[in-house]
Every structure is written in C-alpha cells, then in structure tokens.
Amino acid sequence: MMEVRLAEISDLKSISKLANEIWPLVYFDIISDEQISLMLAQFYTVDAIKQQVAEGHVFFILEHDGLAQGFASISNFNNLVSKLQKLYIHQNLHGQGGGKMMLEAVEKYCRSKNATELILNVNRNNKAQHFYKKLGFQITETVNIPYHQFVLNDYIMHKSLA
C-alpha cells in the first residue's frame, strides 16, 4: 500500500537518508561523483533540509507499507506559480504509480494555495523528463546554469494547474 503525506520535522532524517540512497543511482551516469557529493552535502543534510523548510519549502513523503520510499518538495507560494524542487523515489518502486501519486498530491496542495502553474527544472539527460511530459509538463526553456565549478544542463518545464 502506498500513500503520500506531508512531511513532518521528524521526517527530515529519513529524507536525508533517502536522498543519499537515491541520488547516486539516479545521477551516476549524468553528473560526476564530485558533483553528486557536493549537491548532497549542500541540499540533503538534515540541517540543509531544515533550512529549506525555514525558507518555506513544503516536503512530502511517499510511504510504501509504512516505510518512507520517496520524497518531494515545493516552494514559491507568494504568487500563482509553485516550483517542484525535488521528486525522488526508490528505484524499486519505479513504474508502480508512486511518482504519479506524489505528483498528484503536490498538484492538489499547490491548487489549495491558489497556484495556477507548476514549474520544475530537470537535467536534460535525466529520463525523468519523459515522466513529467507524460503527466502534462512541457519543456519551455533550455538552460545552462553555472553551479560552483559545474554547469547544470536543464530543461525548465511547466504545467498548468488551472
């Protein structure tokens, strides 16, 4: 049984653990080990996640049989556009509807905050872009974002929530 719920402060350690388990598997052939390590250290320590929550990010947890198996986060509730910052699920659940379930929960939450659009960045070499396209997102921009000594090669994708 899978369910999505809002994360609580007590979930931050689980989110950090999940990120450290999932990220190397997702990005091993997309970005360098050095970049993976840097981004995990900058965004996925418990303290970094606490800071994101303090800045207004809302996290969601995907549970499968009572165990945290994925997470998502969104931000930007000051206007009509929300941003999907993260959506990661253990590979053992890929293709079982958990990603769609999590995205639907995120969209419902965003609509409850009067958002009319959801945006995200996805690495151009990440096959997740096909998942997002399948669920109604469209590529609207191709960007190269300098990030420390690296460059993030992303698509910006949009989906109307209206």
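I started at N126, which is in contact (heavy atoms within 4.5 Å) with V26, Y27 and I30, leaving aside its neighbours within four places in sequence. The model is predicted: local features need pLDDT of at least 70, side-chain atom pairs count only at pLDDT 80 or more, and totals for chains, interfaces and linings use all residues. Residues are numbered from 1 along each chain as its sequence is written, and side-chain values use heavy atoms, with hydrogens and water left out.

**Entry: N126**

I placed N126 in the loop between β5 and α5. Helices (H or I, at least four residues) and strands (E, at least two) are DSSP runs, numbered from the N terminus.

**Entry: largest pocket**

I next looked up the largest pocket, whose volume is about 1,300 Å³. On a 1 Å grid over the protein atoms alone, where a 1.4 Å probe fits, a pocket is an open set with protein on both sides within 12 Å along at least five of seven lines, and lining residues have an atom within 4 Å of a point. Grid points are joined across faces, edges and corners, and the volume is the space filled by probe spheres set on the points.

I found 45 residues in the lining, and N126 and Y27 are among those nearest the centre, together with L87, Y88 and Y132. β4 gives the most, seven residues. Elements that supply at least two residues each include α1 (12–27), β4 (81–89) and α5 (128–134). By class I noted 23 nonpolar, 15 polar and seven charged residues. Here Ala, Val, Leu, Ile, Met, Phe, Trp, Tyr, Cys and Pro count as nonpolar, Asp, Glu, Lys and Arg as charged, and the others, Gly among them, as polar.

**Entry: whole chain**

I read five helices and seven strands in the protein chain, in the order β-α-α-α-β-β-β-α-β-α-β-β. The radius of gyration is 15 Å, close to the 15 Å that the globule rule gives for 162 residues, so the chain is as compact as a globular protein of that length. The radius is taken over C-alpha atoms, and the rule is 2.2 Å times the number of residues to the power 0.38. Of the 162 residues, 44% count as buried.

How values were computed:
Buried means under 20% relative accessible area, exposed over 50%, partly exposed in between (1.4 Å probe, protein chains only).
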